[in-house]
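Dear colleague,

I am passing on the structure we spoke about, with the sequence alongside.

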Amino acid sequence: MQGRLDKKVTDILDQAYAGRSLEKKDCSHLLSFDEWSPEAYATRSAAATIVRGRNDDSAIILGQIGLEMFPCPGNCGFCAFGKDHAVMPKSRITDEEFAAKLTDFCRDDDLYGLYLMCMHEYDLDFFLDKARLAKKMIAGSTRLLANVGDTEKEAFAAMKEAGITGAYHVSRLREGKATALNPKARVKTMENALDAGLQIFSCLEPVGPEHTVEEIVENMFVGIDLGCTQHAVMRRVPVPGTPLARCGQISNLRLGQMVAAVALATFSRPNMTYMGVHEPTEIGYVSGANVVTAETGVNPRDHMAETSANRGLDMDICRRMLLDCGFRHIRRGNEEKIPLDLDYVNGLNRNGGGLAHDN
Ligand code: SF4
């Protein structure tokens, strides 16, 4: 009868409300419905209710600084830096540029974590140098995170020593076919990070219209099965000039449905508190996501060398987006809650203190 939800969807969502994490077969069923169906709206609503109830309606802001760019041997068919199609000039951030970006991100001590991003191949000493500089400059609670290529345990241990606490790493959809990388090496890197004592932040990415529900569900469980601390979903952006741009893009409504499925598969696990959506979209934040990412420097989803002038969001836009989506708190890196209201977004009651020279 029109207006009635599919019975199996109702049962799955009832189990999620009761605190049971969804299994692969549950996620496959939820994602078999169109993104505009009543079942999809019910799924997004359940995920948002459960996630917000778990952490007192809090969200976090993550930042990312792209440290360098050169044509990358990963050669991912969706990435602006892939060696066969990259058009941007080579670049490497200077200490002065890095310090200025850190200041913008961290001055109000409301950035939960900051990714330092390199290409698939990278100079570990250069990376560690930037991590140590950031550690010295940040007096507040912001956590330092790595977003680098495949890496051995020893290198992750050196990062930990320099102040890094977690690493973003994924085995992507069609890794090895849409990319020149080895899916087993990608998973091994995630294991190496865990073995070195780092948290792993995972993501179902980059989703395009050609991916089947089965591929999507298998991919989302790579990070879940390894015990990721944060999860996320990223839709593929059709970056001009990249080979996969011709395959098009899923809607933000479908992206939100996937965010909801991942959230429902993870949020009764004890180590999961935050769920990301890339790129940030209001639909994601009413579907279970509670992480917004500000970006500066180079960005794989952008053909512009300085993404903050194009696709990347800045801190002010991130704060405002979270307020508009009804979150009531921003969490610092030490989990302290900052009340989120219009005055805070307008800069009236921020305390500063996020940088060493503020003290
Ligand atoms: S996504 Fe990463 S590994 Fe792939 S081409 Fe871009 S920078 Fe290289």
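Predicted model: local features only at pLDDT ≥ 70, side-chain atom pairs only at ≥ 80, totals over all residues.

I would begin with strand β1, which covers residues 58–66. Nine of its nine residues are buried, so the strand is largely enclosed by the rest of the structure.

Which strands pair with β1? Strand β11, residues 291–296, runs parallel to β1 and is joined to it by six bridges, with Ile60 standing opposite Val291 of β11. Strand β4, residues 113–117, also pairs with β1 in the parallel sense, here over five bridges, and in this pairing Gln64 faces Tyr115 of β4. Strand β12, residues 329–331, is parallel to β1 as well and is connected to it by two bridges, where Ile330 is the bridge partner of Ala59.

On the cysteines, the count of disulfides, taken as pairs of cysteine sulfur atoms within 2.5 Å, comes to zero. For Cys27, which is in no disulfide, the nearest cysteine sulfur belongs to Cys228 and is 13 Å away. Cys228 is likewise in no disulfide, and the nearest cysteine sulfur to it, that of Cys203, lies at 10.0 Å.

The structure holds one cavity of 30 Å³ or more, and the volume of the largest cavity is about 660 Å³. Its lining is made up of 43 residues, and those nearest its centre are Asn147, Tyr168, Arg172, Glu205 and Pro300. The elements that contribute two or more residues to this lining are β1, β4, β8 (204–207), β9 (230–235), β10 (274–278) and β11, so you will meet β1 and two of its partners again here. The largest share, five residues, comes from β9. Sorted by class, the cavity lining has 21 nonpolar, 15 polar and seven charged residues.

The largest pocket holds about 250 Å³ of space. It is lined by 15 residues, of which Asp104, Phe105, Asp314, Met315 and Asp316 are the closest to its centre. Helix α4 (95–106), strand β11 and helix α11 (315–324) each supply at least two residues of this lining, and by class the pocket lining divides into four nonpolar, two polar and nine charged residues. Strand β11 therefore contributes to the lining of the largest pocket as well as to that of the largest cavity, besides pairing with β1.

The last item is Arg172, one of the residues nearest the centre of the largest cavity. Is Arg172 buried or exposed? Its relative accessibility is 15%, and because buried means under 20%, Arg172 counts as buried. Arg172 sits in the loop between β6 (164–168) and α7 (183–195). Leaving aside neighbours within four places in sequence, Arg172 is in contact with Cys76, Phe78, Thr179, Leu181, Arg186, Glu205, Pro206 and Asn219. Among these contacts is Glu205, which is also listed with the residues nearest the centre of the largest cavity.

With best regards

Note on methods. Residues numbered from 1 in each chain as written. Heavy atoms only, no water. Buried < 20%, exposed > 50% of the residue type's maximum accessible area, 1.4 Å probe, protein only. Helix = DSSP H or I, 4+ residues; strand = E, 2+ residues; numbered from the N terminus. Pairing = 2+ DSSP bridges. 1 Å grid on protein atoms, 1.4 Å probe; cavity = no way out; pocket = protein on both sides within 12 Å on 5 of 7 lines; lining within 4 Å. Points joined across faces, edges and corners; volume = space filled by probe spheres on them. Nonpolar A, V, L, I, M, F, W, Y, C, P; charged D, E, K, R; others polar. Contact = heavy atoms within 4.5 Å.
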